[in-house]
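Here is a short briefing on one protein model. Look at the structure first, then work through the points below.

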Amino acid sequence: MIVKLSTPYSFLDDYSEGAHPRLLEALIRNNNTQQTSYGTDDYSAEARHILHTQHLHTTPEEVAIHFVPSGTAANLISIASCLRPYEAVVAVDTGHISCKEAGAIEATGHKIIGVPHARGKMTPTNLEHTLDRNQFFPHMAKPRLVYISNATELGTVYTRAELQALSAVCRRRELLLLVDGARLGVALAANDDLTLRDLVDLTDIFWIGGTKMGALLGEAIVVRRAIAEGFEFHVKQHGALLAKSRVMGVQFAELFRDGLFFELARHANEMARRLAENFVQMGFALDAETETNQVFVLVPDDLLPQFEERMRFYEWEKRDGHTVIRIVTSWATDETQVEKLNQWVRQVREVRA
């Protein structure tokens, strides 16, 4: 359930604000230039060049980069582009495509095979066990692609070693590996040992989320050339090939030109860390370790009305007289609002003491 209040400060998600001012300035600055369409504009070409040379350390011959407007589009296009009708996706039971995309993947005709999660993550052991239980061919859908997200739905992140272990299982079992990167920025900012180049080496498809990292809209799908043939046709068929592709190109070029993307991610993580530490100090339990920009707090149900008056948040799960609430910080979260909330939580604690 989403708590719908208009006046309290929103910690509901990381896309309540519009766009970072630098991106808006870049859009206005380049607004009157005439450009070709459908991904062939100069700004999309510049954004691809910056990503290839400064961050992915690849060439266009190694991976292709496609811009699409939303995360749901990025997931379903990536999955539908490389699976045959009888092939299935393997995802943890808390995965975004399993719980939050209205059956978009199933609507493409592909079954999602669930795997028990461990702190929101897929482990090689759980993956192998699930694969072994899905071998009765041709009576069962054939696993072909493994889907994970980084950061996960619980805000946890994969280390390089964890991703290497999953990748090794996928290679041995002849499975493709896809990483949902809606919150890839905060995941990379929280984990110094994992880079975008590592994702190129260890996965087959991943995408870089712009919508939750200061862009008006847009995600960048990075796909290995070996499976990229005809990818743009899938983008077109799913209504994601924008005529005004420049809108995404301008924004991604600005985000990655000088590290703004990672600066904004670090800010989001820092705001979440401050909130999480204060909740713990005030005696509230966290339902998950705060590694990125999502804070999961266990709140007694009798306190919920007070929390609802103070801020906007997402009710994640009911549990024995308590509710797990999700508080999300963003690239634009106001430090003053964070401190005000921390002070308010301290006051609540003093009253209940």
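The second largest pocket holds about 310 Å³ of space. The structure is a predicted model, in which local features need pLDDT of at least 70, side-chain atom pairs count only at pLDDT 80 or more, and totals for chains, interfaces and linings use all residues. Residues are numbered from 1 along each chain as its sequence is written, and side-chain values use heavy atoms, with hydrogens and water left out.

**Second largest pocket**

- A pocket here is an open set of points on a 1 Å grid over the protein atoms alone, with protein on both sides within 12 Å along at least five of seven lines. Lining residues have an atom within 4 Å of a point.
- A volume is the space filled by probe spheres set on the points, which are joined across faces, edges and corners.
- The second largest pocket has 19 lining residues. Nearest its centre lie G39, R48, I65, H66 and F67.
- Helix 2 (42–56), strand 2 (63–68) and helix 10 (231–237) each give at least two residues to this lining. Strand 2 has the largest share, with four residues.
- Helices (H or I, at least four residues) and strands (E, at least two) are DSSP runs, numbered from the N terminus.
- By class, this lining has 10 nonpolar, six polar and three charged residues. Ala, Val, Leu, Ile, Met, Phe, Trp, Tyr, Cys and Pro count as nonpolar, Asp, Glu, Lys and Arg as charged, and the others, Gly among them, as polar.

**Largest pocket**

- The largest pocket has a volume of about 470 Å³. It is lined by 22 residues, and Y15, H96, K100, R183 and K212 are the closest to its centre.
- Helix 3 (71–82) and strand 12 (314–319) each supply at least two lining residues. Helix 3 gives the most, with three residues.
- The lining of the largest pocket has seven nonpolar, six polar and nine charged residues.
- Both domain 1 and domain 2 supply at least three residues each to the lining of the largest pocket.

**Two domains**

- Domain 1 covers 9–16 + 261–351, and domain 2 covers 21–258. Such bounds come from an automatic or database domain assignment.
- The centres of domain 1 and domain 2, taken over C-alpha atoms, are 28 Å apart.
- Between the domains, 20 residues of domain 1 are in contact with 27 residues of domain 2. Contact means heavy atoms within 4.5 Å.
- Domain 1 and domain 2 bury about 2,000 Å² between them, 63% of it on carbon and sulfur atoms. F261, F262 and E291 supply 34% of the area that domain 1 buries against domain 2, more than any other three residues.
- Buried area is the accessible area (1.4 Å probe) that two parts lose on being put together, summed over both.

**Salt bridges**

- Side chains of opposite charge can pair when their charged atoms come close.
- A salt bridge is a side-chain nitrogen of Lys or Arg within 4 Å of a carboxyl oxygen of Asp or Glu. By this rule there are 26 salt bridges.
- Three salt bridges are counted between domain 1 and domain 2.
- R183 and D14 form a salt bridge through their side chains (2.7 Å, N to O). This pair links distant parts of the chain, 169 residues apart. R183 is in the loop between strand 6 (176–180) and helix 8 (184–189), and D14 is in the loop between strand 1 (9–10) and helix 1 (21–29).
- E289 and R119 also meet in a salt bridge (3.5 Å, N to O).

**Cavities**

- A cavity is a set of grid points where a 1.4 Å probe fits but cannot get out. The whole structure has three cavities of 30 Å³ or more.
- The largest cavity has a volume of about 60 Å³. Its lining includes H96, R183 and K212.
- The second largest cavity holds about 50 Å³ of space. Strand 5 (residues 142–149) gives the largest share of its lining, three residues.

**Backbone details**

- F137 and P138 are joined by a cis peptide bond, with omega about 5°. P138 sits in the loop between helix 6 (124–132) and strand 5.
- N150 and A151 are also joined by a cis peptide bond, with omega about 5°. A151 lies in the loop between strand 5 and helix 7 (160–172).
- E174 is not a glycine, yet has a positive phi of about 55°. E174 is in the loop between helix 7 and strand 6.
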